[in-house]
Amino acid sequence: MKNKITALILLLGIAFLLTFSGCDQKGQPAMGIEDEILVFADSTEYFELEPVLEQVLGKVIYTPQPEKLFNLERRDIRYINKYKRRKNLLLLAPINSGSQTSKYVTAMLDSSVIGMVESGKQQVFNKYNLWAKNQLVMILTANSTEELGKKILENHQDILYYFQKISDKRLSEKLYSPVYEKKDIQGKLLKEYGWIMYVQIDFHLAKDVPEDNFVWLRRAPGSDMERWISVHWIDNATPEYLNKDSILAVRNRITEKFYRTSDEKTWVEVADVFKTTEVNFHDRYALYTQGLWRFTDRSGGGPFVSYTFYDEKTHRVYFLDGSLYAPKYYKKKLIQQVDVMLQSFRADYELKPDRKEELLDALED
């Protein structure tokens, strides 16, 4: 009888361990609002650093409605276990301030890393998938609150980039599904033009103009939530097109020709609000433009994003453009979806042979 009880206890223990290991949070997807960042910080330290954090992560963009890139919510470090599966977590504290958050941060970093902080060499530390899949836990720390504020401003581009890229990654995994892609259109683009872009099932090929090297993909035409994706390229080109003035001129020329109303009386043009920055687009130097477009009669408008780059292997300059027309809706999340679609662009030489075969076979079906 004693042996049976011992065996039963052992089996129950094994079952408990299996159940517990199966519930490991690291394997679970991160949850929460995509543009929310939970900031764990001492209330006094947060009060001093909140203005610079808002300047970097909470900056306002116009779509044309004012919308924040990220919304910051402070939480007490004592309750961090409650939020360990959230998508975006930020731990903020000077390294030796004595606050509870500072002690927690110090415990997370090894002695060599702490030495880098104390010597002023590094202040930003990222931990991916720490407690959940596709999660970013960022640690911002320095020797003092004053120094930390300065370092946040110095590293503002990187800090924002890290949160934006993990957000794009989560969104791309959600959007890209073999079940909901139009492989026939992708196969056509690959065969005829030597490049592809992921085409969701609710997009259609609105214009295909080989003589102008122009393709327009459109979603929900005539509705109050339209999305436009266009690709234009210049053959036998040089990187000289990679400047702000050329991007503006080429976009206005293309939209005047192809983005017109049905009565041909008005067309799309770039509005006065736009910004161009340098980015890495699949290991290519590129210019990323973010701004607003409008109809020439001022009857409407919306946001757009674009990537312009020179492809050395094909000697082409590509202009990838995504626009949104959704006058009744907030647009930040929608334009991010368009942006992620643009990032799915690949030249044929970047595709694996089996992927090329799959898309070309779909064209023949």
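Reply: Helix H7 (residues 183-193) and helix H10 (residues 353-364) pack with their axes 7 Å apart and at an angle of about 110°, where axes are lines fitted to C-alpha atoms over the stretch in contact and angles run from 0 to 180 degrees between N-to-C directions. That makes H7 roughly perpendicular to H10, a term that covers 65 to 115 degrees. The helices themselves are DSSP runs (H or I, at least four residues), numbered from the N terminus.

This is a predicted model, in which local features need pLDDT of at least 70 and side-chain atom pairs count only at pLDDT 80 or more, while totals for chains, interfaces and linings use all residues. Residues are numbered from 1 along each chain as its sequence is written, and side-chain values use heavy atoms, with hydrogens and water left out.

On the H7 side, Lys183, Asp184, Gln186, Gly187, Lys188, Leu190 and Lys191 meet Arg355, Lys356, Glu358, Leu359, Leu360, Ala362 and Leu363 of H10, contact meaning heavy atoms within 4.5 Å. By class, this contact of H7 with H10 has seven charged, five nonpolar and two polar residues; Asp, Glu, Lys and Arg count as charged, Ala, Val, Leu, Ile, Met, Phe, Trp, Tyr, Cys and Pro as nonpolar, and the others, Gly among them, as polar.

Within helix H7 lies Gln186, which is buried, with a relative accessible area of 0% (buried means under 20%, with a 1.4 Å probe and protein chains only). Leaving aside neighbours within four places in sequence, Gln186 is in contact with Arg355 and Leu359, and also with Glu181, Ile196, Met197, Tyr198 and Val199.

How values were computed:
Helix = DSSP H or I, 4+ residues; strand = E, 2+ residues; numbered from the N terminus. Parallel < 35°, antiparallel > 145°, perpendicular 65-115°, else oblique. Buried < 20%, exposed > 50% of the residue type's maximum accessible area, 1.4 Å probe, protein only.
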